[in-house]
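Subject: Structure handover

Hello,

Please find the structure below, followed by notes on what was found in it.

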Amino acid sequence: MGGVSQGQGTTVGGRKSGISKISTGNVPDEKAMEKKKKFNREQIAVVNNAVTMAEELVSNYYKLSAAQWLRQKYDVKTVADLSPRELVNGPFAQVVRYKGQRRDTALGSATYDFYKICLQDYAILAVLKKIDVLHIFPFTLYIITHELIHIVRFSKFLQNFNASSVEKMAEEIRVHQKTHTILESVQVPGLADTLIFFVNWRTSLDDLSNN
Ligand SMILES: [Zn+2]
């Protein structure tokens, strides 16, 4: 892909109360980020398994055929492969949109959207360390499922990538609710505790409408 322009991020998690942070593209200090922990090889393998399972669950839920599926339209990366601009302080992940250019079309070139799910290893590792009942597989399964739902909704034009911040917050709640719907019947040890951890993010509709 030929990444050209960088869009605003959408993020999952980050703060304990209410709605998760919506990234405004703040670029963290590069040196400070360097010191933060990255997934080790073993953890990367677990995260890869979570990606595979999340892809399957989301494509089944949205009844996407192999041709419709977004395989060529997104990538999941961890801190080891992120540029400073793709790092964000606080959230567990963010989706960054790139405009790609295809040169293989009869009409010369065509642009397409490419999404990068940027996992923020240190934020995930920090919460796993802090909260005993959270484990890396169910936790990253939740995060990746959540971000894939965002991407499906962007690509189906159910949600505008550049929505207002109020609309982004409403979308965030919707996506947490969908994530819960998709994962609630999945049999994975420890997943129930992850769903409880994120409960605040999907029950904030009232808070939002009162503000
Ligand atoms: Zn989100």
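What percentage of the 211 residues in the protein chain do buried residues make up? The figure is 33%, where buried means that 20 or more other C-beta atoms lie within 10 Å of a residue's own, exposed means 12 or fewer, partly exposed is in between, and C-beta atoms are placed from the backbone.

Two points on conventions. This is a predicted model, so local features need pLDDT of at least 70 and side-chain atom pairs count only at pLDDT 80 or more, while totals for chains, interfaces and linings use all residues. Residues are numbered from 1 along each chain as its sequence is written.

Overall layout. The protein chain has eight helices and four strands, taken as DSSP runs (helices H or I, at least four residues; strands E, at least two) and numbered from the N terminus. Their order from the N terminus on is β-α-α-β-β-β-α-α-α-α-α-α. Of the contacts between residues at least 6 apart in sequence, 78% join residues at least 24 apart; a contact requires C-beta atoms, placed from the backbone, within 7 Å.

Helix pair α2 and α4. The axes, which are lines fitted to C-alpha atoms over the stretch in contact, with angles from 0 to 180 degrees between N-to-C directions, come within 8 Å and cross at roughly 45°. The two helices are therefore oblique to each other (under 35 degrees is roughly parallel, over 145 roughly antiparallel, 65 to 115 roughly perpendicular, and the rest oblique). Residues in the contact of α2 with α4 divide into 15 nonpolar, four polar and one charged (Ala, Val, Leu, Ile, Met, Phe, Trp, Tyr, Cys and Pro are nonpolar; Asp, Glu, Lys and Arg charged; the others, Gly among them, polar). L148 touches A54, E55 and V58, leaving aside residues up to four places away in sequence.

One backbone detail. K63, in the loop between α2 and β2, has a positive phi of about 50° although it is not a glycine. K63 is exposed, with 7 other C-beta atoms within 10 Å.

Regards

Definitions and conventions: Two residues are in contact if their C-beta atoms, placed from the backbone, lie within 7 Å.
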